[in-house]
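Subject: A structure for you to look at

Hello,

Here is the structure I promised to hand over. Have a look at it first, and then read on for what turned up in it.

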Amino acid sequence: MTDHEQDARIERWNEERAAAPTVTAAELKARTRRSVLTGFVGAAAGFGGWKWANGRPRVDGIPGPLRSGLEFNEAVWTRIGSDNRLAPTFDESDLTGIRVNGRIGLRSELQRENWRLRIEGPDGSVIDEIDEATLLGFDVEDLIVEHKCIEGWSAVVNWTGPRLSSLYGRYADEVGDDWDNVGFETPDGEYYVGLDRHAALHPQTVLATQLDGEPLDEEHGAPVRLAVPIAYGIKSIKRIGVIRFTKERPADYWGERGYDWYSLH
């Protein structure tokens with residue numbers, strides 16, 4: 001930059017500064033007071049709103065107004081999600097292994113020879129009870145997907161097992177079409193989750209009997225667990241004992257404790 005160009009720039013800057021509006025000390029003080037007052041009023045309103053909401057009757061473990069907001073978010077996300085949305089898949093070289101997390105429903109001793117998977121219809125009737133050998137006879141899906149925990153960690157894992165939609169297909173005549181949700185329980189009833197029809201029949205929702213190419217061990221949910229790649233891991237119930245097709249929304253362990261019932265990600 002030449003000296004002439006630099007002088008011209010300084011002159012323009014001085015002209016702009018001279019033309020800029022000035023703020024007196026009194027006006028600056030008044031603006032500061034208004035800012036402080038506005039902040040105080042906003043904080044008081046926020047605290048009052050929180051106190052009011054926290055004092056409302058609780059619904060499934062959280063204040064009613066917060067539950068209403070959560071259900072509104074649920075409705076929005078379930079409507080904008082596509083029925084064809086698939087979770088990303090990975091290569092075998094991407095496998096990371098998965099740590100054991102969550103033992104609710106697994107504390108009682110597993111007697112595999114006595115284990116049965118009970119299938120119930122919308123009217124509460126028992127449609128079938130199948131043993132492990134029968135379940136292992138189903139055609140299987142092999143998925144390498146990301147398991148995402150609501151706590152913030154994730155792992156790339158290989159789930160193998162029959163699609164839940166295949167199990168429904170086997171019993172479709174007995175189950176009928178008068179259902180919108182599916183409930184799952186551990187044999188001891190300590191842990192339970194619910195899926196809506198879309199998540200249940202999603203092509204990547206499987207009844208996993210293998211993890212990373214090996215049969216499930218008890219800590220990871222043997223003899224069968226749910227794997228729902230489009231939802232957080234709290235939906236992937238271990239050691240399933242009951243599958244219940246139902247019209248009403250079934251109970252959900254973490255949904256009753258303030259978490260999103262759908263828990264999609």
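This is a predicted model: local features need pLDDT of at least 70, side-chain atom pairs count only at pLDDT 80 or more; totals for chains, interfaces and linings use all residues.

**Salt bridges across the chain**

The structure holds twelve salt bridges. Another of them brings together the side chains of Arg244 and Glu185, at 3.2 Å from N to O. Here strand β13 supplies Arg244 and strand β7 supplies Glu185, so the pair ties together parts that are 59 residues apart in sequence. Arg244 has a relative accessibility of 24% and counts as partly exposed; for Glu185 the value is 24%, which also counts as partly exposed. This pair belongs to a network in which salt bridges with shared partners join Arg118, Glu120, Glu185 and Arg244.

Then there is Arg112, whose side chain meets that of Glu132 in a salt bridge of 2.6 Å, N to O. The two are 20 residues apart, with Arg112 in the loop between α3 (64-80) and β3 (117-120) and Glu132 in helix α4 (residues 132-136).

**Aromatic rings**

You will also find eight aromatic pairs in the structure. In one of them, Tyr192 and Tyr253 are arranged edge-to-face, 5.8 Å from centre to centre and with 70° between the planes. Tyr192 belongs to strand β8 (residues 192-196) and Tyr253 to the segment after β13 (242-246), so the pair ties together parts that are 61 residues apart in sequence. Both tyrosines, Tyr192 and Tyr253, are buried.

Pro250 is buried, with a relative accessible area of 16%, and lies 5.4 Å from Gly194, C-alpha to C-alpha, although 56 residues separate them in sequence.

**A charged patch**

Lastly, look at the surface, where Asp3, Asp7, Glu11 and Glu15 gather in a patch of negative charge. Glu15 is part of helix α1 (residues 3-19) and is partly exposed, with a relative accessible area of 49%.

Enjoy exploring!

Best wishes

Terms used: Residues are numbered from 1 along each chain as its sequence is written. Side-chain values use heavy atoms; hydrogens and water are left out. Patches are made of residues with over 30% relative accessible area and no salt bridge: like charges are joined within 9 Å, nonpolar side chains (Val, Leu, Ile, Met, Phe, Trp, Tyr) within 5 Å. Accessible areas come from the Shrake-Rupley method with a 1.4 Å probe; for residues, only the protein chains shown count as cover. A salt bridge is a side-chain nitrogen of Lys or Arg within 4 Å of a carboxyl oxygen of Asp or Glu. Lys and Arg count as positive and Asp and Glu as negative; His and the chain ends are not counted. The place of a charge is taken as NZ of Lys, CZ of Arg, CG of Asp or CD of Glu. Helices (H or I, at least four residues) and strands (E, at least two) are DSSP runs, numbered from the N terminus. Buried means under 20% relative accessible area, exposed over 50%, partly exposed in between (1.4 Å probe, protein chains only). Rings of Phe, Tyr and Trp (its six-membered ring) pair if their centres lie within 6.5 Å; planes under 30 degrees apart count as stacked, over 60 as edge-to-face and the rest as tilted.
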